[in-house]
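Reader: Before I set anything up, could you walk me through this protein, starting with how its elements are arranged along the chain?

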Amino acid sequence: MRKILEYEFKCPMCRSMSKCSEYIYNIPIVGEVILTSCKCYECGFKHIDVRLIEVGEPRKVLLKVTELEDLNSIVIRSSTASIVIPELGVEVTPGPASMGYITTVEGIVLDALDKTKFICESTHPTPSGCSQRIELMEKASRGELPITLILIDPEGVSTIVNKKTVFEHLKTD
Ligand SMILES: [Zn+2]
């Protein structure tokens, strides 16, 4: 990992000036990615992002997860990419505070499972369909339910590392 850039940024929370650093990081199989890390020393606000070094076209990145092995595929999700898993009713659209991260397909399914469990347990009365959704997500996390992981990436800097991954051009009109 090597630092390539350092620049000032204005903290969106407290408006004080702080610093961002950018690093190039080489991941086996994936290639080079850029990690951005900003931290405000006044209020502790943090922003982290990750993206492929080569910028592509706006695109849909699609993987049909059909084997246990597919769950281990590395996912580079930049802060502006949405995550959709139609079979599980998962739809994560990025907000202004959303961050980019490197994870696996399994990591995304488990994260969705955690969030669903949290919502189901903290809402009274329990929303309908909770137990069914949790059961489906648990099955998917064990590789017992085929799912489709879709990243909708307006910048073309996210990817799913798997030879079955399909890239579709995203119309931006
Ligand atoms: Zn701040």
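Author: This is a predicted model, and, read from the N terminus, the elements of the protein follow the order β-β-β-β-β-β-β-β-β-α-α-β-β-β. That comes to two helices and 12 strands.

Reader: And what box do the C-alpha atoms fill along the principal axes?

Author: Taken along those axes, the C-alpha atoms fill a box of roughly 45 × 40 × 35 Å, and of the 173 residues in the protein, 26% count as buried.

Reader: Okay, and which domains does the assignment give?

Author: The assignment gives domain 1 as residues 1–53 and domain 2 as residues 55–173, with the C-alpha centres of domain 1 and domain 2 lying 24 Å apart.

Reader: How many residues are in contact between domain 1 and domain 2?

Author: Nine residues of domain 1 are in contact with 11 residues of domain 2. On the domain 1 side of that contact, β4 gives the most, with six residues, and the residues of that side divide into six nonpolar, one polar and two charged.

Reader: Switching topic, where is glutamate 54 found?

Author: Glutamate 54 sits in the loop that runs between β4 (46–52) and β5 (59–65).

Reader: Is glutamate 54 buried or exposed, and why?

Author: Glutamate 54 counts as exposed because it has 10 C-beta neighbours inside 10 Å, and the cut-off for exposed is 12 or fewer.

Reader: How far apart are glutamate 54 and cysteine 43 in space?

Author: From C-alpha to C-alpha, glutamate 54 and cysteine 43 are 33 Å apart, although in sequence they are 11 residues apart.

Key. Residues numbered from 1 in each chain as written. Predicted model: local features only at pLDDT ≥ 70, side-chain atom pairs only at ≥ 80, totals over all residues. Helix = DSSP H or I, 4+ residues; strand = E, 2+ residues; numbered from the N terminus. Buried ≥ 20, exposed ≤ 12 C-beta atoms within 10 Å, placed from the backbone. Domains from an automatic or database assignment. Contact = placed C-beta atoms within 7 Å. Nonpolar A, V, L, I, M, F, W, Y, C, P; charged D, E, K, R; others polar.
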